[in-house]
Amino acid sequence: MKRIAVLASGRGTNLEAILEAVERGSIAGEVALVISDQAAAQALQRAGKRGVKALFINPRDYGGREQYDRAIVDQLKEDRIDLVALAGFMRLLSAYFVNAYPMQIMNIHPSLLPAFPGLDGVEQAFDYGVKVTGCTVHFVDEGLDTGPVILQEAVPVIQHDTVETLHQRIHASEHRLYPTAIDLFCREKLKVEGRRCKIID
Ligand code: GRF
């Protein structure tokens, strides 16, 4: 069984979807740890309710990004984590963190990368006027939303969409896609060659 850590700063609906998938048996792994950089993150409560170990690690207790990331990596090692899933974790990871878990850190982003990376991916796509957007699960490298793509799902932009309605549909899509990608990792079905991530059948 792979041991998964989820890092989240906010609402944690993706965390919830992952926890539900684990409970249903749709992910061949277990969520062993949830970490947040925000004391009030709903994600911590969601984990707590399901009896999952949940820690707030306060960036203010550390001198900078790398020191903070060292504290997180120490915790991940202590909990023998195999996969780190970022789910709305609003911090760029240092080279130290990325190198500690090469191709073992995933992120979900609310656009079809490489379009609209960074903050507000949904709003950027909406304002640009694209007719199709979606979400992307990718491995994390040192760049901003630049690592190898694992899975993507398209979401059409419809005539009367607002940023909010579009965001809701993208969220629903994320909640399907992220558990699927995590399960593929847990079953050792992902193989990265250069930028390309292959799914082994
Ligand atoms: C998601 O839209 C995800 O794409 C982005 O952050 C958001 C997290 O949402 N990286 P939630 O906290 O899981 O509800």
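Is Arg50 buried, partly exposed or exposed? At 28% relative accessibility, Arg50 falls in the partly exposed class, where buried means under 20% relative accessible area, exposed over 50%, and partly exposed in between (1.4 Å probe, protein chains only). The model is a predicted one, in which local features need pLDDT of at least 70 and side-chain atom pairs count only at pLDDT 80 or more, while totals for chains, interfaces and linings use all residues. Residues are numbered from 1 along each chain as its sequence is written, and side-chain values use heavy atoms, with hydrogens and water left out.

Helices (H or I, at least four residues) and strands (E, at least two) are DSSP runs, numbered from the N terminus. Glu23 is exposed, at 59% relative accessible area.

In total, the structure holds 13 salt bridges. Another of them joins Arg70 and Glu66 at 2.9 Å, N to O. These two residues are 4 apart in helix H3 (residues 65-78), so about one helical turn separates them. Arg70 is partly exposed at 37%, and Glu66 is partly exposed at 34%. The side chains of Glu153 and Arg176 also meet in a salt bridge (2.7 Å, N to O). Here the link is again between distant parts of the chain, with Glu153 in strand S7 (residues 149-156) and Arg176 in helix H6, 23 residues apart. Shared partners join Glu16, Glu20, Glu23, Arg46 and Arg50 into one network of salt bridges.

Next come the nonpolar cores, each a set of buried Ala, Val, Leu, Ile, Met, Phe, Trp, Tyr and Cys residues joined through side-chain atoms within 4.5 Å. The largest has 40 residues, of which Val6, Met106, Ile150, Tyr178 and Ile182 touch the most other members. Helix H6 (residues 163-186) gives the most to this core, with 10 residues. Apart from it lies another core of 20 residues, including Leu33, Ile57, Val98 and Val140.

Strand S4 (residues 83-86) is covered on both faces, with Leu83 and Ala85 buried on one side and Val84 and Leu86 buried on the other. S4 runs parallel to strand S1 (residues 2-7), joined by 4 bridges, and strands pair if DSSP finds at least two bridges between them. Leu86 in S4 is the bridge partner of Leu7. S4 and S5 also run parallel, with 3 bridges, and Val84 has Ile105 in S5 as its bridge partner.

Finally, there is the largest pocket, with 37 lining residues, of which Gly88, Phe89, Met90, Ile108 and Pro110 are the closest to its centre. On a 1 Å grid over the protein atoms alone, a pocket is an open set of points where a 1.4 Å probe fits, with protein on both sides within 12 Å along at least five of seven lines, and lining residues have an atom within 4 Å of a point. H6 gives the most to this lining, with 4 residues.

Methods. Salt bridge = Lys/Arg side-chain N within 4 Å of Asp/Glu carboxyl O.
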